[in-house]
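Dear colleague,

I am handing over the structure below, and my notes on what was found in it follow. Please read them with the model open beside you.

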Amino acid sequence: MFKRVDKSEMTIPAKYEYLGQLRDFVTKIGKRWGYSDKVISAFKLSADEAATNIIKHAYRDTEGDITKSGHSQTRQFGDGVPSDQR
């Protein structure tokens, strides 16, 4: 048995006008990894809320970046049939 890890990462400026790009990134990787629209919407909401808090509190008086990453693991057994661990 072995694992395949698929990792994606995105960095955006810590500014409100870039939150749409963050949501699009979450949608793209959620669809690529086969999550339902309902789950993707929950991921987008949580990523948006977290990024908004980062912008509002951590970068209130300064500029910076926000990096969002995600990973998915697939385990394969002896017959080569993948089994997603979601």
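Which residues does Q21 touch, not counting residues up to four places away in sequence? With contact taken as heavy atoms within 4.5 Å, Q21 touches M10 and I12. Before going further, please note that this is a predicted model, in which local features need pLDDT of at least 70 and side-chain atom pairs count only at pLDDT 80 or more, while totals for chains, interfaces and linings use all residues. Residues are numbered from 1 along each chain as its sequence is written, and side-chain values use heavy atoms, with hydrogens and water left out.

Q21 lies in helix α1, where helices (H or I, at least four residues) and strands (E, at least two) are DSSP runs numbered from the N terminus. Its relative accessible area is 39%, so Q21 counts as partly exposed, given that buried means under 20%, exposed over 50% and partly exposed in between (1.4 Å probe, protein chains only). Q21 and T11 are 10 residues apart in sequence, and their C-alpha atoms are 9.8 Å apart in space.

D48, which is placed in helix α2, is buried because its relative accessible area is 18%. Leaving out residues up to four places away in sequence, D48 touches L19 and R23.

The largest pocket has a volume of about 180 Å³. A pocket here is an open set of points on a 1 Å grid over the protein atoms alone, where a 1.4 Å probe fits, with protein on both sides within 12 Å along at least five of seven lines, and lining residues have an atom within 4 Å of a point. α1 (19-32), α2 (37-58) and β2 (65-76) each supply at least two residues of the lining, and β2 gives the most, with four. Among the lining residues are W33, Y35, F43, K68 and H71.

Best regards

Notes. Points joined across faces, edges and corners; volume = space filled by probe spheres on them.
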